[in-house]
Structure formats: structure tokens, C-alpha cells
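I opened my notebook to look at how this fold is put together. Here is what I looked up, step by step.

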Amino acid sequence: MKTYVNTGNKDTRSGFGDGLTELGQKNPNVVALCADLTGSLKMNEFEKNHPERFFQVGIAEANMMGIAAGLTIGGKIPFTGTFANFSTGRVYDQIRQSIAYSDKNVKICASHAGLTLGEDGATHQILEDIGLMKMLPGMTVINTCDYNQTKAATLAIADFHGPVYLRFGRPKVANFTSENGEFHIGKAVMLQEGTDVTLVATGHLVWEALEAAKTLHEQGISAEVINIHTIKPLDEEAIIASVKKTGCIVTAEEHNFLGGLGESVARTLSQHIPTPQEFVATQDTFGESGTPEELLEKYELNAASIVKNALKVLSRK
Amino acid sequence: MADIQHLTNLVSQVRRDIVRQVHAVNSGHPGGSLGCTEFLVTLYNEIMDHNPSFTMDGKNEDIFFLSNGHISPVFYSVLARAGYFPIEELSTFRKLNTRLQGHPTTHEGLPGVRIASGSLGQGLSVALGAAAAKKLNGDTKTVFTLHGDGELQEGQNWEAIMYAAAKNVDNLIATIDVNGQQIDGSTEHVLAMGSLQGKFEAFGWQVVIIEKGNDLTSIIAGMREAISLSRKQTPVCVLLYTEMGNGVDFMMGSHKWHGVAPNDDQLELALAQNPSTLADY
């Protein structure tokens, strides 16, 4: 088995912030907008270095999305920053009409996604955002797994023309992908080859999938682990090739099982190669207050749950 | 000096384009379109420095955003008559595979349109972004917008209005079509908005009032005044008082013709009141 080393837990939002800082120096067309959450989004450095290219809009996310759309007219590349909930559901129609339908080159950067925002509870935890965004024609949807990958993705989306939803989070999670690694939008990353079961994960559950593969290995089960950082467009070829070998699959995400990665994978498989699948995801529920660790335990979004579901799907082969 | 006769001819022709487009597909919004005909004709032919060889970025030219996208018939006619696309294309309005969608969109690549609009209340925010891009680019041209008065009931406008003053956006001139009507009746009846002048001034805007919003000379004077007030650290608003359905007598003075097309007889009546001056499409 390949070994992946956690070089120290780090928050993915800092990967975004550091990527944005670098972009500020590299690309004069990059501008940033924030709705009163500069510290939470780690946008302070960009604001300090480029005050003329930073737009503090106040607590007015709808206006922020419109301003971002307008900034593209004139060649700017706007990065908006707020929590995932306020980046999607709150401003869905603004994104739909002024950004997606208008094909504007806006990068919607969303922190504090999922349950792991923690104690603030369900008003701030969104588990529907991947579904909302992937439903929009022309929208690219990315959910990165660790600090290094979030930084790489932040840099990569500036060079890609078109609207992008970049999803990341607040908690410090394992940082294990290579530093300064390249990020290829829409390309799955094979982390661990295996023959018995495919584990496809997105976000910080990729690390949990690697942990699950270790446990399964100890039980004599060979798990293949794939990091799907781009949910749309989905790397269907990678998923189909994997299940051709393994014959069953588990998807894992910090998102509702309706509308998330799991559903995208299920659609691909049902069209091309019907395959038993289990879903590690929230079960059509809102979140609640608690520490991130407690919430991941209660809602079964961890390595143990991936192992349990792998055993279940193996029994269905 | 403005060539009022030329503008008057254009107005008559654009009115014909509006009712003919809407009649042909038995759908669309003639009332608000007719009410804003003199304004948009003046804007594109007398006020803005713009280039019909369209580029999306619109660098070093004045640019316009239509926020109340349902008045697409007048927007399309004025753009076509200004040379953005062939006037014959007006015959495709709202038909399958057209670039002239029911509400304006960039999706089909129609020259002259820089943002989709129709879902109301979004245009001012977009204009703020475009105005900011112009400043970053060292572009000294102006961003113009048009909004319905009923549209101001959408909350996003007030986010944008607050932002514009707070951030000294002074290369933007936003015009409100104050026709006092919306789908369900008068704005006074549906959701009274109080004093628009008072509201804009309280938010820190300079306000120009054009009382005769269907009079070419008044529009030219008012818009020139608005331009003279721009670039002074505050945003500028024009309250343009118009008559919905202007130029077609049976469509005036009512909200009834907001989204209703004329029948064959009504079309003839409307056309009889507006002679063809530059040839129909």
C-alpha cells in the first residue's frame, strides 16, 4: 500500500487565503470581494497588499455577486468570499442569472461548508450547496481535500475561464497532498490502487477514505481510493475504469446524499455500468451545534463509516 | 446641438418595432417599452459615446445595463437601429432559436447585451462592478443603467444603493423609470414606496428629476445635467417620470398593457398613430 503522510493538520480556508495572496502578486486582473468575513476567509493579506483590488461589500451577498459579475466586464477575475451557505442558497438567483446564465468569469469561493463549521449550528451549516451549484448549467464545482490542494485549486481556477464554485472549510484537517502540486480541473486523482472495492471521496473525507483503506487492508480487503476534487465536470472515465476492476463503490462527502457527489456517481454508473453503491453522506437532514469531531461522529462521516459501508457494499456484489 | 427631428423619427420607428415585435408572437411587454422609448433613443443616439462594433468589455466607451429586462422590445429595437445587429433580426423576437430572447441575455451572443436581466433587482449591482472595473482600468467613460420603479421593491437594489454612496461610485448614472405602474396595479396600490427622491438623497445620491420623461428636449437636458453631476464623489440618480404605453393612446394611463400584446385591430390602430419613418424591419 502507498503511504500518505499528514504533514500537520491545517485548515483548507488558509489554503484559499494563501493561494489568493499569491494570485494577487501574479495576476493583476485578480480582484477579491468579501461580505464582512475577511478574517474567516483568510483574505486579509490580499486586502492589505492590494486595497485597490479588494472590495468590502458589507453584509450584502446579493450585491456582492452582482458586483462580481460586473467586474468581469472589463476583464477582471473576481473571487468572492463568504461562508458556503451565503455563497449559494442565499444568492442562488443572483448566481443563476447574473453569473451562470450570463457566463461570467466569477470564482465563488465558499468556506465553512458542511457540518464542520461546528457550534454555530444549522443556520450556518449548508449540506445542499454542491447540489445547488452543480445544477447550474456551465458551473464548475470543486471541493478540495486539504490545505495544499485548496491552494493549488485557487491558483488553477484563475487561469480557467468560466464560473467556478470552490468549496472548502473551517476545521484543521490532515494535509497530505504534495506541496505546490498541480491541480487539473475535472481530473480525478488516483491515490491508492485496489481490486475489491472503490472508495470515491471529496473534501476532507478523502483522508478518511485513505484511513478506511488501511483498516480494510488489515482485514484482507484491497480498496482503491480516488480523490474527486471536481464534482462537475465529473471524471466519469476514472470512476468507470475503477468499478470495472472492483465491482462496487462507496462515495463519501460532507454533504446531503441528495444532490451531492454520490448522486453524480450513481447517475454515471447507472448509465454506463450499473454497480452496487453505498453513500457516506448526511441523510436529508439539517445539521446542529457541536464540535466538528462530535458532528462527524454523530452523522457518520468518517473512516469508520466508510469501512462499514465498504463491507456492506462488498456483500452486495 | 441635438437633431430633434432625427430623434423624433427614430422614436416613431422604434414604437412601431415594439408593437410589431410583440404582436407577432402575441407576447412581450409593450407598456413599459413604449414608456422608455424616448429615453433609450436619446441615450443611444445623443448621450452615450458607444461603439456598435460590440465588445463585451466595452473599454473606453460608455456602457448601458437594462435592469428591468422585460422591456426588451424597446432595447432590441434601439440596439438594432443603432447598428448593433441587423434590424431584420427583430422579426425573430421571442421565437425558437432566436438571439432576441424574451428577456435580454448574453447567452446567445446578441451584440449590445452585457448581462442577462429579467429576474428583477440585479442590474445596479452589476453596473457597480462594471464601474469599478472601469476605474481599475483607467477608463474614464460612464456606466448608465435603467430600472423600473416597481423594481425598486427588490431588496438587492438597496444594498447596491447603499454601496454606491459608501464607496463613492461617481462614474455611474442610474435612471429610474417612474411610471407608477406594475403588474398588479399602481405602485401606490401594490406597495407604496414613498418619496424616491427622499430615499435616494438619504442614501447619499445626487438626484436629477426629469418631469417630462417622454419629451426629448427634457431628457437631453436632464441627462446632461446628470453627467455634469457625475465624477464628484457621489453616485447620480435620474428619476424619469414617464407615461406607460406612451405614443399609443389606448395603452396609456394604465398598467393593463404591462405584458399584453395587441390584437390585429389594435396593432393597426397603434401603427396608424406612429408613422414609419425609417422603414419597418
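Before reading the sheet, I noted that two strands count as paired if DSSP finds at least two bridges between them. I also reminded myself that the model is predicted.

**Entry 1: the sheet.** I looked up the strand order in chain A and found an open sheet of seven strands, E3-E2-E4-E5-E7-E6-E12, with mixed pairing. Strand E3 (54-56) and strand E12 (230-232) of chain A are the edge strands, and each pairs on one side only. On average, neighbouring strands here are turned by 20° against each other, direction ignored.

**Entry 2: one pair of strands.** I picked E2 (residues 30-34) and E4 (residues 77-83) of chain A, which run parallel and are joined by five bridges. Across this pair, Cys34(A) stands opposite Gly81(A) in E4(A).

**Entry 3: the domains.** Next I checked how chain A is divided: domain 1 covers 10-173 and domain 2 covers 189-315. Their contact takes 26 residues from domain 1 and 29 residues from domain 2 of chain A. On the domain 1 side, E6(A) gives the largest share, four residues. By class, that side has 11 nonpolar, 11 polar and four charged residues.

Entry 4: I then followed Leu199(A), which touches residues including Ala209(A), Val250(A) and Ile306(A).

Definitions and conventions:
Residues numbered from 1 in each chain as written. Chains lettered and ligands numbered in written order. Predicted model: local features only at pLDDT ≥ 70, side-chain atom pairs only at ≥ 80, totals over all residues. Contact = placed C-beta atoms within 7 Å. Domains from an automatic or database assignment. Helix = DSSP H or I, 4+ residues; strand = E, 2+ residues; numbered from the N terminus. Nonpolar A, V, L, I, M, F, W, Y, C, P; charged D, E, K, R; others polar. Axes fitted to C-alpha atoms, helices over the stretch in contact; angles between N-to-C directions. Lists of a residue's contacts leave out its neighbours within four places in sequence.
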